[in-house]
Amino acid sequence: MQDLSGPQDPAAAAPLPSGVLGTKPSGRMHAPELLGAELAGHTVGETALADPIFSCRSVSVHYGGIQALQNVTLDIGRAQVLACIGPSGCGKSTFLRCLNRMNDTIVGARVTGTILLDGEDIMAKQQDVARLRARVGMVFQKPNPFPKSIYDNVAYGPRIHKLTRTRADLDELVCTCLQRVGLWNEVKDRLHGAGMGLSGGQQQRLCIARALAVQPEVILMDEPCSALDPIASANIEDLIEQLRATYAIVIVTHSMQQAARVSQRTAYFHLGRLIEVGETDRLFTNPRHRLTEDYITGRFG
Ligand SMILES: Nc1ncnc2c1ncn2[C@@H]1O[C@H](COP(=O)(O)OP(=O)(O)O)[C@@H](O)[C@H]1O
Ligand SMILES: [Mg+2]
């Protein structure tokens with residue numbers, strides 16, 4: 001038996017010269033086991049986590065006869081940001097919508113597989129979907145405040161779910177949520193003005209405050225900065241960084257720079273398959289799948 005416990009021979013770890021079988025001009029070599037994984041359609045990287053908030057196993061989605069998501073197996077961690085990236089139409093939004101059963105609202109959509117939220121099967125018939133969507137809040141590309149006052153936007157969920165008993169408690173909750181998203185000082189004198197009267201960036205923060213008001217565990221964000229100017233986008237990114245101390249966040253973004261800035265873990269999707277997942281820094285500096293590398297180096301997408 002070879003002794004594996006001793007120090008590694010440094011020569012063994014040195015890169016092979018370019019052109020040697022299995023290497024590319026960059027000198028990087030795809031690990032040989034990936035060929036098998038690629039053929040079998042398995043995801044490369046660490047799909048499983050210890051103590052995940054979400055555990056997805058073999059999740060597939062069909063829209064009528066068309067399969068939009070194929071056998072996605074992925075855990076989602078607590079108190080961290082998972083970025084979902086990939087070319088347009090690869091299934092990122094479809095995957096996100098599985099996590100709070102938003103695909104239920106699409107006629108002809110069929111979701112199969114298993115999705116556990118904190119160990120609980122969210123696809124079970126007895127699942128309370130309204131409660132699920134409070135636990136797993138969603139923020140969309142285009143800010144979508146209700147046609148109500150700023151106050152009533154934030155108070156809406158707590159009223160429906162009866163989270164507060166007195167008006168003073170509700171006032172306090174609205175204030176706290178607006179403070180958390182950095183909006184309180186900007187709106188405290190116009191709480192009864194229309195939510196839709198705010199700027200785009202403020203509206204997006206209002207929508208995040210509305211999600212926070214029902215005490216979520218997870219926040220899903222589908223390209224939350226796509227409709228915002230750079231300063232408003234930077235504010236949202238700062239907010240994501242603060243929120244991840246408390247919440248699990250899954251963000252879909254078409255900006256790889258944004259994924260690299262805000263996330264700790266990244267999932268790369270391609271044609272409905274989860275190709276690779278791993279620590280964000282590793283995935284961007286040393287992608288292990290050819291398709292991931294092609295995408296992050298801008299060869300397509
Ligand atoms: N409501 C829908 N009805 C039918 N097909 C859909 C619907 N939503 C998405 N699709 C299809 O599913 C695939 C994945 O779409 P989507 O999840 O929106 O991708 P992404 O968010 O990565 O751009 C695409 O081929 C898209 O056309
Ligand atoms: Mg999308």
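By class, the shell around ligand 1 has four nonpolar, six polar and one charged residues; here Ala, Val, Leu, Ile, Met, Phe, Trp, Tyr, Cys and Pro are nonpolar, Asp, Glu, Lys and Arg are charged, and the others, Gly among them, are polar. The residues around ligand 1 are Y63, A68, G86, S88, G89, C90, G91, K92, S93, T94 and I106, where being near a molecule or strand takes a C-beta atom, placed from the backbone, within 6 Å of it. Helix α3 (residues 92–98) gives the most to this shell, with three residues; helices (H or I, at least four residues) and strands (E, at least two) are DSSP runs numbered from the N terminus.

Before going on, keep in mind that this is a predicted model: local features need pLDDT of at least 70, side-chain atom pairs count only at pLDDT 80 or more, and totals for chains, interfaces and linings use all residues. Residues are numbered from 1 along each chain as its sequence is written, while chains are lettered from A and ligands numbered from 1 in the order in which they are written.

Now for the helices. Helix α5 (residues 150–160) and helix α8 (residues 200–212) have axes that come within 7 Å and cross at roughly 30 degrees; the axes are lines fitted to C-alpha atoms, for helices over the stretch in contact, with angles running from 0 to 180 degrees between N-to-C directions. So α5 and α8 are roughly parallel to each other (under 35 degrees; over 145 is roughly antiparallel, 65 to 115 roughly perpendicular, the rest oblique). On the α5 side the contact uses I150, N153, V154, Y156 and G157, and on the α8 side L206, A209 and R210 (C-beta atoms, placed from the backbone, within 7 Å). That contact has five nonpolar, two polar and one charged residues.

What about α8 and helix α9 (residues 230–243)? Their axes come within 9 Å and cross at roughly 20 degrees, so α8 and α9 are roughly parallel too. From α8 come G200, G201, Q204, R205 and I208, and from α9 come A232, N235, I236 and L239. This contact has four nonpolar, four polar and one charged residues.

Last, the sheet. Seven strands form an open, mixed sheet in the order β1-β11-β10-β4-β9-β8-β7, with strands counted as paired if DSSP finds at least two bridges between them. β1 (44–45) and β7 (136–139) are at the edges with a single partner strand each, so one side of each lacks a neighbour in the sheet. Four bridges join β7 to the parallel strand β8 (residues 218–222), and V139 stands opposite M221 in β8.

How values were computed:
Contact = placed C-beta atoms within 7 Å.
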